[in-house]
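Here is a report for a first look at a protein model. Take it one section at a time.

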Amino acid sequence: MAVVESTNGMLDGPLLAAGLTVFRADPWHLPQRPGGASVSAELLAHHAAPALDQLVRLTTETGTLAGRIEELQKNIEAAADVERQLTRRGLCLERGETTAPRVALTFDDGPHPPYTDAILDVLRDFGVPATFFCVGLNADAHPGTLERIASEGHVIGNHTWSHPYLPDLTRDELNFQIDATNRAVRRVTGADPWLLRPPYGSRTPDVLRWLADREMTTVLWDNDPCDWAMLGADSIAEAAVRQTEHGSIVLMHDGGGDRSQTVQALPGIIRRLAEDGYRCVSLDEISTPL
């Protein structure tokens, strides 16, 4: 078995895909984290082993935040007023302008060969732009794929360094997550991302204010076909098309596990959206009135 913790949400997917039993240890089970990093593997094992009956077992179907979904939702509800204020200032985006049949495709958790490259192939063949919210660990590990994303005209956003549950972080820890990812992207593209998508959409009033203080735009979504649950390419495509409205921002994934179903679903999503009169655009364009 393996144990992960809430400041690193990129491990459970590949571990589960490899056939391991995976548990999550939460902050109250562990010692204080060192700076912006996660606790060491040794400390994680030392504190988790005698407390397995208190840990949450993760599955592909339940996702990384199993057992904390109610908490996540309460935090999101508490942040609603701040979210509305920032939306008016252009510093938060959940959905684009609703005046035209435009849709933005976004992909989280990469870059992750071979899935990111396969998605880029599809986008190239259809002439469609997208936004890739990159995890810093993966951006640092796969600079060639990151360079391809940029060179083919797609937007690169910040998805934190290690995909943590943001309410568990201090302000300094959040800054570490942002800065480390920006450095990884800047080394390849020469520019810092100005868009940030919080992992799991996790947020609190403080988290949103901290991001706004850095002049970063928080990007959420209104269309989640749940490709992470791996329910089949047809199911992913059907959900993505069914949930699309004018100005929709579609959440999909190019990393964090086996994303072959997302790759298989993408051509059908793009074709069906076009048949329904939708045009795929960048996040810049979808937030601009005609």
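Buried means under 20% relative accessible area, exposed means over 50%, and partly exposed lies in between (1.4 Å probe, protein chains only). Strands here are DSSP runs of E with at least two residues, helices are runs of H or I with at least four, and both are numbered from the N terminus.

This is a predicted model, in which local features need pLDDT of at least 70 and side-chain atom pairs count only at pLDDT 80 or more, whereas totals for chains, interfaces and linings use all residues. Residues are numbered from 1 along each chain as its sequence is written, and side-chain values use heavy atoms, with hydrogens and water left out.

Strand β5 (residues 102-108) pairs with β6 in the parallel sense, over 3 bridges. Two strands pair if DSSP finds at least two bridges between them. Thr106 has Thr131 in β6 as its bridge partner. To get from β5 to β6, the chain passes through helix α5 (residues 115-126), and this β-α-β crossover is right-handed. Right-handed has a set meaning: with the strands pointing away from the viewer, the path from the first strand over the helix to the second runs clockwise. β6 also pairs with strand β7 (residues 155-158), in the parallel sense and over 4 bridges. There, Cys134 stands opposite Asn158 of β7.

## An open sheet of three strands

Now turn to another sheet. It is open, has 3 strands in the order β1-β2-β3, and its pairing is mixed. β1 (2-5) and β3 (56-58) are the edge strands, since each pairs on one side only. Neighbouring strands of this sheet are turned by 40° against each other on average, direction ignored. Such angles run from 0 to 180 degrees between N-to-C directions, with axes as lines fitted to C-alpha atoms, for helices over the stretch in contact.

β1 and strand β2 (residues 22-25) pair in the parallel sense over 4 bridges. Val4 has Arg24 in β2 as its bridge partner.

## Salt bridges

How many salt bridges does a search of the whole structure find? It finds 23. A salt bridge is a side-chain nitrogen of Lys or Arg within 4 Å of a carboxyl oxygen of Asp or Glu. Arg24 takes part in one: its side chain meets that of Asp26, at 2.7 Å from N to O. Arg24 counts as buried because its relative accessible area is 1%. Asp26 is buried too, at 3% relative accessibility.

Helix α5 holds another pair. Arg124 and Asp121 lie 3 residues apart there, about one turn of the helix. Their side chains meet in a salt bridge at 3.4 Å, N to O. An α-helix has 3.6 residues a turn, so residues three or four places apart point the same way. Arg124 is partly exposed, at 49% relative accessibility. Asp121 is partly exposed as well, at 28%.

Helix α9 repeats the spacing. Asp206 and Arg209 are 3 residues apart, so about one helical turn separates them. Their closest N and O atoms are 3.5 Å apart in a salt bridge. Asp206 is partly exposed at 39%, and so is Arg209 at 41%. Elsewhere, salt bridges that share partners join Asp117, Asp121, Arg124, Asp125, Arg148 and Glu152 into one network.

## Helix α4 and its buried side

Which residues of helix α4 (residues 80-88) are buried? They are Val82, Glu83 and Leu86. They lie on the same side of α4, because they cover an arc of only 100° around the axis. The arc is that of the directions from the helix axis to the C-beta atoms. The elements covering these residues include β4 (92-93) and α9 (205-213); contact means heavy atoms within 4.5 Å. Gly90 follows α4, and its phi is positive, near 75°.

## Gly232 and helix α10

Gly232 sits in the loop between β9 (217-219) and α10 (233-242). Gly232 is buried, with a relative accessible area of 18%.

The buried residues of α10 are Ala233, Ile236, Ala237, Ala239, Ala240 and Val241. They pack against β10 (248-253) and α11 (260-275).
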